[in-house]
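This briefing goes through a single structure, taking its helices, its sheet and its core in turn. Please keep the sequence and the coordinates open while reading.

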Amino acid sequence: MEKTQSDSLRHFKIGKYDAESWKMQRPLSVEGCLIMLCERGELEITINSGRYKMSHKDMAFFVFDMVAVPVSVSPDFLATFIAIDFVTAQDLFFLVTSNRFWEYIYAFPVFSLRKDADKMVVRWFASLDWIDGNFSCGTAEKVLRNEMENFMLLMAEYVEAHYGVLGTNPVKNRAWVIVNEFLGLLNRYYTHHHDVAFYAGKLNISPNYLNIISKRNLGVSAKEQINIQLGMVVKMLLDTTDLTVKEIAEKLHYEDPSYLCRIFRKHTGLSPIRYRNKLRQAGSDNHDR
């Protein structure tokens, strides 16, 4: 069945990733949430401060405030995915009854499915593809949203039942919503905007209030969160590319590379060059063993 002109307004996108999709070593752009199931091959990817390998029947959850950069991919890699826009993802997060699920996802964004679940997830993705390809946009959108709500709830209970409960269950109030909107904006604009006032203006609140609620919900101020995001991106680029510090500063729109170096040193305790040399020395030592 042909889709209508409302295709461009859809909240869900379903498709396949092959090796060609991951050859560019640059941060993955995730508007809201991207859920992926590996069908074959292997993908190595850095997510925030961790490095992960994804292979057959592994799942990955990429959320808007994660910094993910592909490192290597096998020629036969193939994965199916569903991408959710930012607003819809925010709504779905509220429908998940426990934030402990998201704590697990942030700790383990790539994880293996148990044998009692892998067939179910494969069928679920196949049903999404069938729904998306055989019905009008309006009908498909409604059904896909219901499918996502049910899947999120099932996955939350599955993770807690099989992998353990993590931490406490924080309250989802208005401040929590604003902070998550801030994280979404930060993921979109961090390369160009490094000041709290820009994000506070987008959220129609004062910079001071944004700093307060960020500290309450994230444990750090909004300014510190911006610097953490930038620090993670610089670490990924130092790790996965041969860009110079000056070129990285230009990509992140810092006119003065030394200022970016000071932020990075405060975040890691090392200069960018020492950090890269330490990584490569560790890699060389591991290779020699």
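The expected span of a helix is 1.5 Å times one less than its number of residues. The structure discussed here is a predicted model, and for helix 5 (residues 174-189), which has 16 residues, that rule gives 22 Å, which agrees with the 22 Å between its end C-alpha atoms.

**Helix 5**
- Twelve of the 16 residues of helix 5 are buried, so this helix is largely enclosed by the rest of the structure.

**Helix 3**
- Helix 3 (residues 115-134) has 20 residues and reaches 30 Å from its first C-alpha to its last, which is close to the 28 Å expected at 1.5 Å a residue.
- Buried in helix 3 are Ala117, Asp118, Val121, Trp124, Phe125, Leu128, Ile131 and Asp132; seen down the helix axis, these buried residues fall within an arc of 155°, so they line one face of the helix.
- On the face of helix 3 that is turned away from this buried side, the exposed residues are Lys115, Lys119, Arg123 and Trp130.

- Five strands, in the order 1-7-2-5-8, make up an open sheet in which the pairing is antiparallel.
- Strand 1 (12-18) and strand 8 (110-112) stand at the edges of this sheet, and because each has a single partner strand, one side of each is left without a neighbour in the sheet.
- From one strand to the next, the twist averages 20°.
- Within the sheet order, strand 2 (residues 33-40) pairs with strand 7 (residues 78-84) in the antiparallel sense over seven bridges, and Met36 has Phe81 in strand 7 as its bridge partner.

**The nonpolar core**
- The largest nonpolar core has 95 residues, and those with the most contacts inside it are Ile35, Met36, Met59, Phe61, Phe62 and Leu210.
- Leaving aside neighbours within four places in sequence, Phe61 is in contact with Cys33, Leu34, Ile35, Met66, Phe101, Trp102, Ile105, Pro109, Phe111, Phe151 and Met152.

**Glu141 in helix 4**
- Glu141 lies in helix 4 (residues 137-163), and its relative accessible area is 13%, which is under the 20% cut-off, so Glu141 counts as buried.
- Beyond its neighbours within four places in sequence, Glu141 is in contact with Arg10, His11 and Phe12.

How values were computed
Residues are numbered from 1 along each chain as its sequence is written. This is a predicted model: local features need pLDDT of at least 70, side-chain atom pairs count only at pLDDT 80 or more; totals for chains, interfaces and linings use all residues. Side-chain values use heavy atoms; hydrogens and water are left out. Helices (H or I, at least four residues) and strands (E, at least two) are DSSP runs, numbered from the N terminus. Buried means under 20% relative accessible area, exposed over 50%, partly exposed in between (1.4 Å probe, protein chains only). Contact means heavy atoms within 4.5 Å. A nonpolar core is a set of buried Ala, Val, Leu, Ile, Met, Phe, Trp, Tyr and Cys residues joined through side-chain atoms within 4.5 Å. Two strands pair if DSSP finds at least two bridges between them. Axes are lines fitted to C-alpha atoms, for helices over the stretch in contact, and angles run from 0 to 180 degrees between N-to-C directions. The arc is that of the directions from the helix axis to the C-beta atoms.
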